[in-house]
Amino acid sequence: MEVKVFKDYDELSQQAADEVINLVKQKNDAVICFASGNTPLGTCQWIVKKAMTEKIDFSKCSFIGLDEWVGISPDNSGSCRFFFYENLFKPLQMADAQIFLFDALATDLNNECRKMDNVVAEKRGIDLMIVGIGINGHIGFNEPGVDPNLLSYAIDLHESTKAVGQKYFTGATELAQGITLGLDHLMNSKKVILMANGKSKSEVIKKAIKESVTEEMPASIMQKHKNGFVFIDEEAASLL
Ligand code: PGA
């Protein structure tokens, strides 16, 4: 694992966007897994900007969504699906056949998970995963204490995830479960970039990358990834 500290959120976002753009230039059928949320928003915006100016062809890429709030409708602006379509898929004019997202309304969540695992297997793995980190150390919905050997699964969310998650929704929203790629997918991805910005992430970043690797701090597994990078701004790095 390598840690890269950038001046601010914009520089961090540009660098992460460059990783995606450079990958697609080298491998036009790249398989990219992305997180939604506040952290990767700037990265999405820079990817779109750079794709336009540099005329990058995304039409052969595959995009996998890291996670989703179970039971939240796709037209809810707080859903991960909504985020991806607004910030990445529509601006890049991606076709539905390139997009692989969990169905939050699926009645059989286990089947939904196996479908996602099959997508990853059929595509021979994920080339690049870009993820954020929660203040409780989660990646996607891999909450503290979770088995790091899991592929995709549904999970009861921690109270902090339900509380912090309210920020994505326009009104109070009941959040109970999440569906997510497990940490086994992360460890098998050819490259992973964990991003964090701002003072509010400084404490968890310190725990995740400076302290021991433990299931209680899911993001600490990044320390074991052979091609893992932590991209942070100076504020998130302030306790290192
Ligand atoms: P954020 O979420 O990017 O909105 O801070 C990170 C997370 O909880 O995984």
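## Asn149

Asn149 sits in the loop that runs between β6 (128-131) and β7 (153-156); helices (H or I, at least four residues) and strands (E, at least two) are DSSP runs, numbered from the N terminus. Asn149 is exposed, with a relative accessible area of 57%. Here exposed stands for over 50% relative accessible area, buried for under 20%, and partly exposed for values in between (1.4 Å probe, protein chains only). Asp184 is 35 residues from Asn149 in sequence, but the C-alpha atoms of the two are 5.0 Å apart in space.

The model is predicted: local features need pLDDT of at least 70, and side-chain atom pairs count only at pLDDT 80 or more, while totals for chains, interfaces and linings use all residues. Residues are numbered from 1 along each chain as its sequence is written, and side-chain values use heavy atoms, with hydrogens and water left out.

## Aromatic pairs

Rings of Phe, Tyr and Trp (its six-membered ring) pair if their centres lie within 6.5 Å; planes under 30 degrees apart count as stacked, over 60 as edge-to-face and the rest as tilted. By this rule there are 11 aromatic pairs. In one of them, Phe58 and Phe63, the ring centres are 6.3 Å apart and the planes meet at 40 degrees, so the pair is tilted. Both Phe58 and Phe63 are buried.

Trp69 belongs to strand β4 (residues 67-69) and Phe169 to the loop between α5 (159-164) and β8 (177-180), so the pair ties together parts that are 100 residues apart in sequence. Trp69 is buried at a relative accessible area of 4%, and Phe169 is buried at 8%.

## Charges over rings

A charge sits over a ring if NZ of Lys or CZ of Arg is within 6 Å of the ring centre and within 35 degrees of the ring normal. Lys49 lies over the face of Trp46, 4.1 Å from the ring centre. The charged end of Lys191 is placed over the ring of Phe229, at 4.9 Å from its centre.

## Ligand surroundings

Residues around the ligand (a heavy atom within 4 Å) include Gly37, Asn38, Thr39, His138, Tyr168 and Lys201. Oxygen atoms of the ligand lie 2.9 Å from a polar backbone atom of Asn38, 2.5 Å from a polar side-chain atom of Thr39 and 2.5 Å from a side-chain N or O atom of Tyr168. The protein buries 87% of the 280 Å² that the ligand exposes when taken alone.

How values were computed: A polar contact is a pair of N or O atoms within 3.5 Å; within protein, one must be able to donate a hydrogen and the other to accept it, and residues adjacent in sequence count only if both atoms are side-chain atoms. Accessible areas come from the Shrake-Rupley method with a 1.4 Å probe; for residues, only the protein chains shown count as cover.
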